[in-house]
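Thank you all for making time this morning.

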Amino acid sequence: MCGIVAYIGTKEASPILLNGLKRLEYRGYDSAGCSILDNNEIKYLKKKGRVEELEKELKKNPLKGKLGISHTRWATHGAPNTVNAHPHFDCQKELFLVHNGIIENYTVLKKWLLKKGHFFRSDTDTEIVVHLIEEHYQGDLLNAVQKALLLVEGTYGLGVISKHEPNILIGARKGSPLAVGVVQNGEYILASDPSAIIEHTKKVIYLDDNEIVSLTRDGMKITTLDNVEVKKEAQDIQLDLNQIEKAGFDHFMLKEIFEQPQSIKNAMRGRTLVNEGRIQLGGLQDWLDFLVKVDSVVFLACGTSWHAGLIGEYLFEHLAHLPTETEYASEFRYKNIPINKNTAYFVISQSGETADTLESLHKIKQAGGNVFGIVNVVGSTIARETDAGIYLHAGPEIGVASTKAFTSQVTVLAQLAVLLGIKRGQIKPKEVKSRLQAIIDIPEKVEHILNQNRQIKELAKKYAQFNNFLYLGRGYNFPTALEGALKLKEISYIHAEGYPAAEMKHGPIALIDRQMPVVVIATDTEDVIYQKVISNIEEVRARGGNIIVIATQGNKDIRNLATEVIYVPKTNGFLTPLLNVIPLQLLAYHMAVLRGCDVDKPRNLAKSVTVE
């Protein structure tokens with residue numbers, strides 16, 4: 001959450017900062033600002049609202065200079081307004097700072113600084129840090145930042161400049177991602193995310209927690225907070241500039257929905273080997289014996305990734321006969337429960353930087369447990385700190401509401417469940433190839449559903465005016481119902497709830513009327529619970545509810561019960577979430593557009609939740 005872009009080099013900083021902020025706006029878009037050093041004076045601009053508001057202001061009042069910092073904000077402490085926008089500065093406007101994270105002991109520090117004579121202009125916790133640096137500044141910016149951060153409790157990604165040292169840019173990281181793009185010797189871009197760097201260079205160095213980088217036109221130096229030098233080699237950014245463009249689509253979200261046939265293929269490429277009758281997950285190969293023998297599995301995640309983990313729970317228990325639990329990482333990190341060394345813990349995160357998920361990872365590692373990662377972003381903190389893991393290879397996901405990362409996560413979990421099912425003797429040899437072929441066939445079936453986009457858009461027109469929805473599913477598709485409801489909430493601001501279909505009778509049925517459309521997932525006609533779902537549909541129908549059913553192609557009987565039907569191709573039961581979620585994504589997207597919502601930047605949300 002929040003995006004930082006900073007630059008030092010030989011070019012004008014302003015366009016580099018502005019373009020970088022546009023790339024990072026999915027991380028926060030409550031306000032934006034920048035400060036640039038020009039002739040030993042730091043000038044700044046801050047604006048409430050989107051980056052485009054800052055861009056308009058810069059056109060009217062250009063800032064010149066070749067050293068600068070910038071920020072796009074997702075508000076934590078303090079309202080989203082111009083005063084609370086970053087950068088923040090010290091009493092004399094000589095030190096400027098941008099920050100991503102939360103300073104937990106800011107109240108104590110603020111009282112101390114007030115006694116020292118400092119005065120504050122904003123309501124943010126961030127401003128405390130720049131005054132701490134001011135308090136310790138004696139002509140050496142690096143030293144002052146180190147001393148200040150030793151007093152700070154919480155998380156931060158920082159960019160700092162001083163008018164007294166026009167040839168230095170300081171970056172620091174603890175719990176909030178920060179990377180250095182090496183354009184050439186003496187020219188660097190500091191950013192929260194490589195997407196702000198890729199336009200200028202593919203060479204990047206990722207900072208680890210408690211590291212500070214000093215960037216000058218003479219070179220770069222990385223140290224720890226206690227001034228121990230750290231040597232790091234630059235890595236290649238694993239993405240292409242074209243991947244973070246809209247490519248003709250109206251929104252990134254729609255583009256990413258339509259990328260799913262390819263992203264699902266990428267998640268299985270070289271892994272699901274039908275002709276050989278096996279699954280190969282190289283990232284877990286060295287741990288496979290451990291995984292086969294574990295007593296249980298725990299998935300830890302937040303938001304959409306939690307829904308993927310919940311599907312994983314059904315997959316592992318059904319296919320591998322492994323007791324499995326799915327925990328909210330935000331709750332698990334505070335639970336007083338023992339860490340079992342015979343349990344495999346999996347942390348799931350698109351960004352690989354989710355704060356609560358990272359803290360759960362640390363808790364398990366400190367207790368001696370084994371943690372594995374399922375992440376999308378190569379080089380992310382979770383990818384580096386887990387014992388082993390699996391990359392999604394979904395490509396960058398810019399839309400705040402996750403789509404292709406979710407289906408890639410489920411694809412990876414399905415492959416892992418089948419692999420463990422085979423190794424644990426729970427999947428019979430004669431079943432192996434059919435299950436592998438079913439996985440391979442999924443992208444083509446997703447393509448078939450996407451071809452119904454126009455039909456789903458017309459359906460959305462009928463229901464966009466409703467303000468409440470209920471989503472029902474059972475088994476593998478209970479989490480799919482949760483995910484469908486979340487998508488609708490996130491981007492259209494329609495209140496929606498997902499439930500196991502049988503739970504409708506235990507309360508939610510009281511809400512059913514003609515103003516409460518009910519979306520029911522009823523696809524696996526051969527499953528024992530299909531008839532139970534049909535009974536739930538009858539119960540809604542008896543109370544005059546509008547019923548939208550996701551059904552399997554060829555099921556004509558369902559039309560007699562439903563108000564609307566969206567058909568999906570038939571697949572093996574354990575893979576149905578990968579198909580059923582696609583029309584739910586499209587339905588949410590079109591309803592949000594029809595309601596005039598900003599689909600890629602829904603209010604109050606940000607893509608990567610790097611604060612608690």
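This is a predicted model: local features need pLDDT of at least 70, side-chain atom pairs count only at pLDDT 80 or more; totals for chains, interfaces and linings use all residues.

Let me begin with a question: with which residue does Lys404 form a salt bridge? The partner is Glu259, and the closest N and O atoms are 2.8 Å apart, where a salt bridge is a side-chain nitrogen of Lys or Arg within 4 Å of a carboxyl oxygen of Asp or Glu.

Residues are numbered from 1 along each chain as its sequence is written, and side-chain values use heavy atoms, with hydrogens and water left out.

Back to that pair, then. Lys404 lies in helix 13 (residues 404–423) and Glu259 in the loop between helix 6 (252–258) and helix 7 (260–268), so distant parts of the chain, 145 residues apart, are linked; helices here are DSSP runs of H or I with at least four residues, strands are runs of E with at least two, and both are numbered from the N terminus. Lys404 is buried at 3% relative accessibility, whereas Glu259, at 23%, is partly exposed; buried means under 20% relative accessible area, exposed over 50%, and partly exposed in between, with a 1.4 Å probe and protein chains only.

The whole structure holds 27 salt bridges. Another of them joins Asp356 to Arg333, with the closest N and O atoms 2.6 Å apart. Asp356 sits in helix 11 (residues 355–366) and Arg333 in the loop between helix 10 (329–332) and strand 20 (343–349), so this pair ties together parts that are 23 residues apart in sequence. Both Asp356 and Arg333 are buried. There is also a network of salt bridges that links Asp208, Glu211, Lys232 and Arg384.

Let me turn to the nonpolar cores, each a set of buried Ala, Val, Leu, Ile, Met, Phe, Trp, Tyr and Cys residues joined through side-chain atoms within 4.5 Å. The largest has 94 residues, among which Leu315, Phe346 and Phe469 touch the most other members. Helix 18 (residues 576–594) contributes the largest share of this core, eleven residues. A second, separate core of 30 residues includes Leu17, Cys34, Leu58 and Val400.

Finally, the cysteines: the structure holds zero disulfides, a disulfide being a pair of cysteine sulfur atoms within 2.5 Å. For Cys34, the nearest cysteine sulfur is that of Cys2, 16 Å away.
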